Amino acid sequence: MADNKRDSIIIKDSVYTPIPNEEKWIAGDTRTHKKSKWQLLAAGSLGTTLAQNVYKIIAGSGDDITSEQPSEKSFTTWEEYAEYLHRLTPTDHTAENVAMMDIADNNKGKIEEAEHHDKPITLGLAVNKNIGKHWSLETGLQYSYLKSYFTLGTGDYRVDKEQKLHYIGIPVKLSYQFMRYKRLSAYGSAGASIQIPLYGKTYADYIVGGKSGYTTDWKTTSSMQWTVNTNIGIQYQFAPKLTLFVEPTLNWYIPNGSAVKNAWTERPFTLTVPFGIRFSW
């Protein structure tokens, strides 16, 4: 397992034989109105934590144990993979291959990868325009940060990966205010957004005998993510130009075919609770 300068490929239950001269890594988420006024929205939201310990297929190619294209021979158990590494390492005696060989020797059975995804963090700024007595249209910009952890192997012999992804999003939403009582109002919304990847990086630590035996990192390129959502929001006007709001939102992150796993790809249907302050003028 090693340094992949492009992306990590996680497919389903097999590890492939590396192809010479290729590169590395085996293993493998707002707002409403005021009569004819524009509003500026500052918001934040937290997504949901996903399940862990999911079986993955780990694809690789290249003599350094990792890559992006599978070869003809594949491995499904640590024993098969360890045997292969013992044949490879004498002719390609890198620190990476040696560490991976020790990890393979000390694991048994099916090759498995556990994963855990932190709650996505989303911050946004938006403008909201009233287009009628009850209707309003909103757009703006969002920044999202997604962090994930992957573990290949168990105990003191494993590979730990930490993946960090950054996105910029452009949402569009139509809202309808169905209730107003003094300073309190409620509304429903439906919309869509596109999340454009800005930057991604994965860090890998090869743990051998409970200690770090080899570390590496590589750029991770994810795909654009389309999302559709609907919500019910409540807001309270506590000052002439300021309102507090909360919007429980159901999101569907449309599958994009990306091999890069994250909170959005692993749980496409999520409930988030954006909240924030609206500024109107």
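Predicted model: local features only at pLDDT ≥ 70, side-chain atom pairs only at ≥ 80, totals over all residues.
A residue counts as buried when its relative accessible area is under 20%.

A salt bridge joins Lys 173 to Glu 138, where the closest N and O atoms are 3.7 Å apart. Because Lys 173 belongs to strand S9 (residues 157-181) and Glu 138 to strand S8 (residues 135-154), the contact ties together parts that are 35 residues apart in sequence. Glu 138 is buried, as is Lys 173.

Over the whole structure, the search finds 8 salt bridges. One of them is formed by Lys 201 and Asp 217, whose closest N and O atoms are 3.5 Å apart. Lys 201 lies in strand S10 and Asp 217 in strand S11 (residues 211-219), so the parts tied together here are 16 residues apart in sequence. Asp 217 has a relative accessibility of 31% and therefore counts as partly exposed.

Strand S14 covers residues 249-253. In a regular strand the side chains alternate between the two faces of the sheet. In S14, Thr 249, Asn 251 and Tyr 253 make up the covered face, while Leu 250 and Trp 252 make up the uncovered one. S14 is joined by 5 bridges to strand S12 (residues 225-239), and the two run antiparallel. Within this pairing, Leu 250 is the bridge partner of Thr 230. S14 is also joined to strand S15 (residues 269-272), by 4 bridges and again in an antiparallel arrangement. Here Asn 251 stands opposite Thr 270 in S15.

The nonpolar side chains come next. In soluble globular proteins, nonpolar side chains tend to be buried together. The largest nonpolar core in this model has 18 residues, and those with the most contacts inside it are Trp 78, Tyr 81, Leu 85, Met 100, Val 159 and Tyr 206. Two or more residues of this core come from each of helix H1 (78-88), helix H2 (95-105) and strand S10 (184-208). H1 gives the largest share, 6 residues. Another core, of 7 residues, lies apart from the largest one. Among its members are Leu 165, Tyr 167, Tyr 253 and Val 260. Tyr 253 also belongs to the covered face of S14.

The axes of H1 and H2 come within 8 Å and cross at roughly 150°, and the crossing is left-handed. On the H1 side, the residues in contact are Trp 78, Tyr 81, Ala 82, Leu 85, His 86 and Leu 88. In H2 they meet Asn 97, Met 100, Met 101, Ile 103, Ala 104 and Asp 105.

Methods: Residues numbered from 1 in each chain as written. Heavy atoms only, no water. Buried < 20%, exposed > 50% of the residue type's maximum accessible area, 1.4 Å probe, protein only. Pairing = 2+ DSSP bridges. Core = buried A, V, L, I, M, F, W, Y, C linked by side-chain atoms within 4.5 Å. Salt bridge = Lys/Arg side-chain N within 4 Å of Asp/Glu carboxyl O. Axes fitted to C-alpha atoms, helices over the stretch in contact; angles between N-to-C directions. Left-handed = near helix turned anticlockwise from the far one by under 90°. Contact = heavy atoms within 4.5 Å.
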